[in-house]
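Please keep the sequence and the coordinates at hand while reading.

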Amino acid sequence: MKITDIRTMRLWGPRIHDVGGGTGAMIAKVVVRVDTDAGIHGLGEVDDFAGVPRIIDYMREYFRGRDPFSINAIVSELLYGTMPPHHREARHGVMAGGIRAVTPCSPTATASGPVAWAASGVEMALCDLMGKALGTPAYNLLGGKFRDEVRIYLDRSSPRDIAKLPAWRRMATEAGEAGFTQIKFDIDYVAADRAGDVWNRSLNRGQINRIVERLGAVRQAAGKDFELCVDCHRIYNVPSAIRLAQALAPLDLLWLEDPTAMTRAEPCAEVRAKSPIAICVGEMFLAEQFASFIAQEAVDILHPDVLFCGGLHEIRRIADLGELHDLPIAFHGNGGALATIAAAHAAAACRTFLGLEYHFIETGWIGGYVERDAPLFRDGHLPLTDAPGFGVRLNRKVCLKHLAPGEKFLE
């Protein structure tokens with residue numbers, strides 16, 4: 001079996017509940033399809049980020065004719081290249097479309113950024129393809145499953161009316177009534193109405209007081225057994241992050257996410273040393289970045305995203321790295337239904353897994369552009385099936401309704 005094509009389909013539509021509770025925003029989701037000469041194809045998802053389409057074009061030409069079962073080799077070659085004289089299937093010179101093959105390293109000369117994001121979606125599609133070819137669920141490619149269903153946590157950002165405590169309580173009760181037992185809020189939006197200088201990376205006392213008050217209303221409405229988390233989006237400096245963590249301690253949060261800029265481990269380690277709340281980082285990390293943060297004692301909970309870390313095999317490797325250091329793993333989730341189902345297959349195969357994030361609970365088309373023989377969510381969990389690969393198929397009606405201008409349905 002050989003790869004014959006790698007194609008994409010960009011979907012475009014409204015996001016009903018945006019960050020900060022906003023309405024009227026638009027969002028894209030991008031499906032990847034890997035085709036083979038055996039008539040078997042696999043589906044994956046990439047995020048709609050700058051540079052990703054160009055890397056997909058590169059992968060299409062570079063990996064045409066390659067064995068789709070060589071998943072780890074294909075991803076490793078794209079991210080890191082190979083050594084001279086290179087292997088017999090390596091491409092050299094100018095490929096179709098005027099794309100130059102870069103054999104000694106990745107096409108962006110770095111293993112991170114757009115090249116890793118594109119590789120994640122293609123690796124995802126290859127896992128789906130291999131599962132179909134072997135007649136087995138994708139989680140079996142990773143060693144089998146520990147669980148039959150995967151816990152989902154909802155990212156709620158904030159209500160639109162952040163100054164009204166009933167709006168915060170309502171978010172908690174609605175999540176609980178839908179069967180979910182964990183939600184996360186965005187610190188930068190919780191008290192944006194009390195912000196002062198938007199440049200200085202600091203939280204003022206008024207903001208911190210309102211954050212505690214509003215999240216306290218959530219805790220009161222949700223109850224003691226509900227898990228609450230907060231995301232700082234890498235915005236704050238060390239003193240503000242520490243001050244925030246100590247102020248929020250009475251609410252018994254599961255984690256404080258990305259409190260400082262994530263380019264260096266040292267500031268995050270300073271926060272962790274003084275924080276009464278576990279520190280969760282890593283949504284854009286590869287395995288080697290997690291290794292650095294673990295070595296510098298800057299993380300309590302690993303938080304990779306299957307869309308950005310290199311795919312299912314890489315996220316499983318990150319989970320194993322965490323387990324060796326007695327650290328649990330949760331999955332950041334920036335994807336739609338396809339990436340979420342794919343991530344759930346990886347989560348099922350990770351022993352120390354805590355929860356998988358989902359952002360788009362109100363936006364039905366994002367949860368419905370693929371379909372399968374099970375609901376997307378049931379009682380706050382994503383149930384797994386024993387269907388081959390990810391067990392999904394494109395929902396033609398939803399996809400055609402939300403095709404971005406100039407796009408074609410992936411027949």
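## Helix packing and strand pairing

Ile 55, Tyr 58, Met 59, Tyr 62 and Phe 63 of helix α1 are in contact with Ile 74, Glu 77 and Leu 78 of helix α2. The model is a predicted one, and the values given here are computed from it. Two packed helices are described by the angle between their axes and the distance between the axes. For α1 (residues 52-63) and α2 (residues 71-80), the angle is about 125 degrees and the axes lie 12 Å apart. Roughly perpendicular covers 65 to 115 degrees and roughly antiparallel begins over 145, and α1 and α2 are therefore oblique to each other. The crossing that α1 and α2 make is right-handed.

A separate topic is the pairing of strands. Strands of a sheet pair through backbone hydrogen bonds, either parallel or antiparallel.

Which strands pair with β4, and in what sense? Strand β4 (residues 149-157) pairs in the antiparallel sense with β13 (residues 381-383), whereas β4 runs parallel to β11 (residues 353-358) and also pairs in the parallel sense with β5 (residues 182-186).

| Strand pair | Sense | Bridges |
|---|---|---|
| β4 and β13 | antiparallel | three bridges |
| β4 and β11 | parallel | three bridges |
| β4 and β5 | parallel | three bridges |
| β10 and β11 | parallel | two bridges |

Arg 151 has His 381 of β13 as its bridge partner, and Ile 152 stands opposite Leu 356 of β11. Leu 154 stands opposite Tyr 358 of β11, and Leu 154 also has Ile 183 of β5 as a bridge partner. Between β4 and β5 the chain passes through helix α4 (residues 165-177), and this β-α-β crossover is right-handed.

Is β4 mostly covered or mostly exposed? Strand β4 is mostly covered, with seven of its nine residues buried. Strand β11 is likewise mostly covered, five of its six residues being buried.

On the side of β10, strand β10 (residues 329-331) pairs with β11 in the parallel sense, and Ile 329 has Phe 353 of β11 as its bridge partner.

Key
Residues numbered from 1 in each chain as written. Predicted model: local features only at pLDDT ≥ 70, side-chain atom pairs only at ≥ 80, totals over all residues. Heavy atoms only, no water. Buried < 20%, exposed > 50% of the residue type's maximum accessible area, 1.4 Å probe, protein only. Helix = DSSP H or I, 4+ residues; strand = E, 2+ residues; numbered from the N terminus. Pairing = 2+ DSSP bridges. Right-handed = clockwise from strand over helix to strand, strands pointing away. Axes fitted to C-alpha atoms, helices over the stretch in contact; angles between N-to-C directions. Parallel < 35°, antiparallel > 145°, perpendicular 65-115°, else oblique. Left-handed = near helix turned anticlockwise from the far one by under 90°. Contact = heavy atoms within 4.5 Å.
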